[in-house]
Protein chains: 2
Amino acid sequence: MAEPTPAVTRQSLAAAALRVLERDGLAGLSMRKVAAEVGVRAASLYWHVRNKEELLDLLNDALIADAEIPPREGSWREQFLEYGRRHRALLLARRDAAKVVAGRLAPGPHTLAVLEDQLDRLRAAGFGDADAAMASYLLSAYVQGFVLQEQSPLSAAEAAGASRGEAARAAGETFRTLPGDTYPNLVALADDLTDPDMNTRFEFGLQRLADGLAALLPQGGTASGGPS
Amino acid sequence: MAEPTPAVTRQSLAAAALRVLERDGLAGLSMRKVAAEVGVRAASLYWHVRNKEELLDLLNDALIADAEIPPREGSWREQFLEYGRRHRALLLARRDAAKVVAGRLAPGPHTLAVLEDQLDRLRAAGFGDADAAMASYLLSAYVQGFVLQEQSPLSAAEAAGASRGEAARAAGETFRTLPGDTYPNLVALADDLTDPDMNTRFEFGLQRLADGLAALLPQGGTASGGPS
DNA sequence: ACCTGAACACCGTTCAAGT
DNA sequence: ACCTGAACACCGTTCAAGT
């Protein structure tokens with residue numbers, strides 16, 4: 001024990017990257033800044049990490065580290081929904097988290113733990129092996145796709161500082177004033193298409209997924225599940 | 001008529017960006033290269049476009065330009081599925097297309113045309129205004145999330161040139177050799193989790209979505225839809 | 001109206017050299 | 001074993017200046 005404790009570890013690197021991400025966003029996350037954050041020069045990072053890609057893999061798993069496993073109570077459906085909601089909340093909590101996680105498949109230890117637990121519940125609910133594997137993949141594709149859109153600015157105006165609500169109102173106006181003979185549906189649904197209530201929108205998709213999966217189970221049919 | 005035809009137009013810029021994307025990928029797409037492709041110096045681009053973001057918006061819509069509207073035949077379900085499949089195929093056809101499209105909400109003219117048509121079919125099928133709007137959003141979130149994963153390398157090995165099949169086999173081996181007492185499900189489902197058949201995986205999710213949406217319609221219940 | 005040259009403040013990565 | 005200085009080949013963007 002009492003090892004020389006090296007100044008930089010892969011863990012301290014991930015923590016530093018997390019802080020830079022929060023401060024400057026993914027576009028502003030550079031090797032030089034992470035190095036500075038950890039009190040060292042950029043070239044030194046390459047002793048601990050092959051390249052920036054590998055640093056982003058560390059960051060990816062660090063983002064998942066805060067995931068809390070939902071309680072094991074209620075129907076499989078309620079647990080499935082809760083998984084989706086927590087995953088979204090986790091990504092929303094950190095700046096640009098969806099962008100970091102999105103194209104990154106290499107699972108770190110935290111990701112593995114969550115996946116293991118999720119598969120366990122799906123199998124216990126009665127899903128076959130292939131279905132369970134695909135269901136968990138499906139859920140994460142949806143959540144990541146959704147939050148990716150949610151975290152990216154609706155327009156140049158929002159990127160420049162306008163609120164989501166203002167941006168949505170402007171987008172609605174754009175749709176509403178489109179030529180009504182070529183775009184009758186866009187005009188008619190302008191408000192629905194630009195509704196800024198992302199919680200409702202997310203929940204809609206999540207319920208559809210749950211319904212679709214429910215149809216795979218023996219006792220299938222019971223779609224939207226009334227009161228218990 | 002016979003205008004002086006400027007050398008560079010926003011359209012020629014989009015076309016040039018498309019070629020650079022195909023050749024060098026999104027990471028290799030720089031203002032300097034696009035400028036060279038169009039026979040001009042980097043600084044000149046800023047006359048036609050505010051910044052790189054705006055160039056990427058052009059590229060985004062150019063990617064959608066090839067979209068073909070599916071034939072208006074069969075059930076709403078079959079048309080919905082076909083929409084999903086074509087959207088995926090479109091993204092898969094161009095290098096890094098999902099990464100370009102992913103966080104980009106500002107819809108260009110081609111995107112609007114597709115959306116208009118899609119909403120028309122959903123409403124004709126009997127979906128309410130809000131449901132139609134959310135259903136189309138749901139489908140695009142799923143497709144984008146899915147293809148984003150599909151187009152990104154499974155591992156460093158695949159990025160370095162290994163085939164998808166090899167990478168999948170290696171990933172399966174990683175899961176299978178995990179400690180069986182802490183990860184029993186990952187070990188048991190190793191093959192299912194790393195199955196490289198992306199078509200089946202995509203189709204699975206698409207069918208679940210369709211089932212979930214079907215449950216919203218008055219004549220609901222009939223989930224996976226047998227032969228017509 | 002459209003394009004250029006030159007510059008500014010950055011990048012990721014390599015590598016010999018230090019300790 | 002771990003870190004640095006210096007360099008290389010790039011970036012996006014601005015701006016005065018050209019035509």
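This is a predicted model: local features need pLDDT of at least 70, side-chain atom pairs count only at pLDDT 80 or more; totals for chains, interfaces and linings use all residues.
Residues are numbered from 1 along each chain as its sequence is written, chains are lettered from A and ligands numbered from 1 in the order in which they are written, and side-chain values use heavy atoms, with hydrogens and water left out.

**The annotated region**

The UniProt record, an unreviewed entry, places a "DNA-binding region" at residues 30–49 of chain A. UniProt positions follow the numbering used here, feature names are shortened, and annotations may be inferred rather than shown by experiment. Over residues 30–49 of chain A, the chain is 70% helix and 0% strand. Helices (H or I, at least four residues) and strands (E, at least two) are DSSP runs, numbered from the N terminus.

**DNA strand D**

A residue is near a strand if one of its heavy atoms lies within 4 Å of it. Of the atoms of DNA strand D that come within 4 Å of the protein, 60% belong to sugar and phosphate. α3(A) gives the most to this surface, with 4 residues. By class, the surface near DNA strand D has 9 nonpolar, 4 polar and 5 charged residues. Here Ala, Val, Leu, Ile, Met, Phe, Trp, Tyr, Cys and Pro count as nonpolar, Asp, Glu, Lys and Arg as charged, and the others, Gly among them, as polar.

**DNA strand C**

The largest share of the surface near DNA strand C comes from α3(B), with 4 residues. The residues of that surface divide into 9 nonpolar, 4 polar and 5 charged.

A polar contact is a pair of N or O atoms within 3.5 Å.

| Residue | Atom of the residue | DNA strand | Distance |
|---|---|---|---|
| A:R41 | backbone N or O | D | 2.8 Å |
| A:H48 | polar side-chain atom | D | 2.6 Å |
| B:M31 | backbone N or O | D | 3.0 Å |
| A:K52 | polar backbone atom | C | 2.9 Å |
| B:R41 | backbone N or O | C | 2.8 Å |
| B:S44 | polar side-chain atom | C | 2.7 Å |

Helix α10 of chain A covers residues 164–176, 13 residues in total. From first C-alpha to last, α10(A) reaches 18 Å, close to the 18 Å expected at 1.5 Å a residue; the expected span is 1.5 Å times one less than the number of residues. In α10(A), A:A167, A:A168, A:G172 and A:F175 are buried. They cover an arc of only 140 degrees around the axis, which puts them on the same side of α10(A). The arc is that of the directions from the helix axis to the C-beta atoms.

A:F127 lies in the loop between α7 (109–124) and α8 (129–151) of chain A. A:F127 counts as buried because its relative accessibility is 5%, and buried means under 20% relative accessible area (1.4 Å probe, protein chains only). A:F127 and A:I69 are 58 residues apart in sequence, and their C-alpha atoms are 20 Å apart in space.

Definitions and conventions. A polar contact is a pair of N or O atoms within 3.5 Å; within protein, one must be able to donate a hydrogen and the other to accept it, and residues adjacent in sequence count only if both atoms are side-chain atoms. Buried means under 20% relative accessible area, exposed over 50%, partly exposed in between (1.4 Å probe, protein chains only).
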